[in-house]
Amino acid sequence: MGINPRIEINLDKIRHNVKVLKGLYGKKGIKITGVVKGVFANHKVAKVLIESGIESLADSKISNIEKMKKANLKAIFILLRTPAMSEIQKVVEFADISMNTEIEVIRALSAEAVKQKKTHEIILMVEMGDLREGTLLKDVPAIIREVLTLPCIKVSGIGTNLTCYGGVIPTEKNMDVFSTFVKNIKRQFGLPLTYISGGNSANYNWFMNTADVGEVNNIRLGEAIFLGCETVNGKTIPKLFSDAFCFIAEVIESKLKPSVPYGQRGKNAFGEVLSFQDRGIIRRAIVGVGRQDVLVSGLTPILPLEILGSSSDHIILDAKKVHLKVGNEVAFSLSYGALLTAMTSPSINKICISQMRESVEDHSDSPTLKNFLTSIQSKNALLEPVQNALILNRK
Ligand SMILES: *Cc1c(COP(=O)(O)O)cnc(C)c1O
């Protein structure tokens, strides 16, 4: 039996995705910053990105950057989110670069950088319409003017972010406005801006279709690397693996039961009143993970099973024609939200699989785990697509 619940991380597929994306973006002079928040800055995954030639890694949490620094990973570390005033000291200590939108914060970073005798670099994030983070274009020159007077702070880039909150898509039009703006700023201040950070995995279609990427020379990619897709239409990018991650949970109950609850009904544990379709008597299988561990709505069973619902620690499946038994393992593919939550949950075992090496986060001394790893190795399962391990029953 495996170590359950677990997420299997195929490092070779991630390595492949990075290689393809690097080649693709590199052709138009764009470097990739690897965004590792989706994998909770897992250091084995981060290491694969670095080994694949990615020079800069970004995360929205300074605690994750601290973790990677302490794991002795060598990269340029970028804090993706404007720093909170309460974390300035750590930001200067652990991040090489932070993305910023507030002059007050930049002043505090400067004061702290003086104290720590360091130069802290910043990328100014500008608002292009998505209405999450970003300084309005008209306010940027005044900020730069002041930043140029601050000690120990260097403006090393300008960035923008779309399709995260408002769903605004990167188009020829808004990306042109961005590039023209950057060109003017460069000219006005004579700044050598190293990072013109043009967006995220949602910029793929713009990138593929535009004749000119303008000033953009950097792109921040998370989902494209890990799940192999662009994020405007959710389409798989040609030649990429979309199954580098596989979520596995174990059946803890499997019974023929009615499909509609009986008795007087009110709200469930999450305050929801659900309606139920009567399918008669069905095989209901429960796997031992739930909303506390993973964004259940982001899981898709690989076999023809259906997720009926979930509570904090249970997912209830309609097993349909699959005769699931207690102890069987059920595999799921993950959305970005499911990936993010599973990787962040301490209850989910993270198992890295690679042709070159296989290893496990945290429990590496556990004898059960050692046996498990030996068993998958002995079955030569290391590089088999995880879909083939639909129901795993490894003894
Ligand atoms: C999360 C994030 C990204 C990465 O987005 P993907 O869709 O995973 O590529 C890039 N930039 C910022 C500012 C982010 O917060």
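Q: Let's start with Asp139: is Asp139 buried or exposed, or something in between?
A: Asp139 is partly exposed, at a relative accessible area of 31%. Here buried means under 20% relative accessible area, exposed means over 50%, and partly exposed is in between, with a 1.4 Å probe and protein chains only.

Q: Before we go on, what kind of model is this?
A: The model is predicted, so local features need pLDDT of at least 70 and side-chain atom pairs count only at pLDDT 80 or more, while totals for chains, interfaces and linings use all residues. Residues are numbered from 1 along each chain as its sequence is written, and side-chain values use heavy atoms, with hydrogens and water left out.

Q: Where is Asp139 found?
A: Asp139 is in the loop between S6 and H6. Helices (H or I, at least four residues) and strands (E, at least two) are DSSP runs, numbered from the N terminus. Asp139 and Val126 are 13 residues apart in sequence, and their C-alpha atoms are 9.3 Å apart in space.

Q: And where does Glu133 sit?
A: Glu133 is in the loop between S6 and helix H6 (140–147). Glu133 counts as buried, because its relative accessibility is 19%. The side chains of Glu133 and Arg132 are joined by a polar contact of 2.7 Å. A polar contact is a pair of N or O atoms within 3.5 Å; within protein, one must be able to donate a hydrogen and the other to accept it, and residues adjacent in sequence count only if both atoms are side-chain atoms.

Q: How far is the side chain of Arg132 from the ligand?
A: An N or O atom in the Arg132 side chain is 3.0 Å from an oxygen atom of the ligand. For Asn161, a side-chain N or O atom is 3.4 Å from a ligand nitrogen. Glu223 uses its backbone: an N or O atom there lies 2.8 Å from a ligand oxygen. The protein covers 94% of the 390 Å² of accessible area that the ligand has on its own, with areas from the Shrake-Rupley method and a 1.4 Å probe.

Q: How many residues surround the ligand?
A: There are 13, and the closest are Lys37, Ser201, Arg220, Gly222 and Glu223. The shell divides into 4 nonpolar, 4 polar and 5 charged residues.

Q: What about phi at Lys117?
A: Lys117 has a positive phi of about 50° although it is not a glycine. Lys117 is in the loop between helix H5 (103–115) and strand S6 (120–126), and at 77% relative accessible area Lys117 is exposed.

Q: And Thr163, what is its phi?
A: Thr163 has a positive phi too, near 60°. Thr163 is in the loop between strand S7 (153–160) and helix H7 (172–189), and counts as partly exposed at 22% relative accessibility.

Q: Last one: where is Pro192?
A: Pro192 is in the loop between H7 and strand S8 (195–197). Pro192 counts as exposed because its relative accessibility is 62%.

Methods. A residue is near a molecule or strand if one of its heavy atoms lies within 4 Å of it. Ala, Val, Leu, Ile, Met, Phe, Trp, Tyr, Cys and Pro count as nonpolar, Asp, Glu, Lys and Arg as charged, and the others, Gly among them, as polar.
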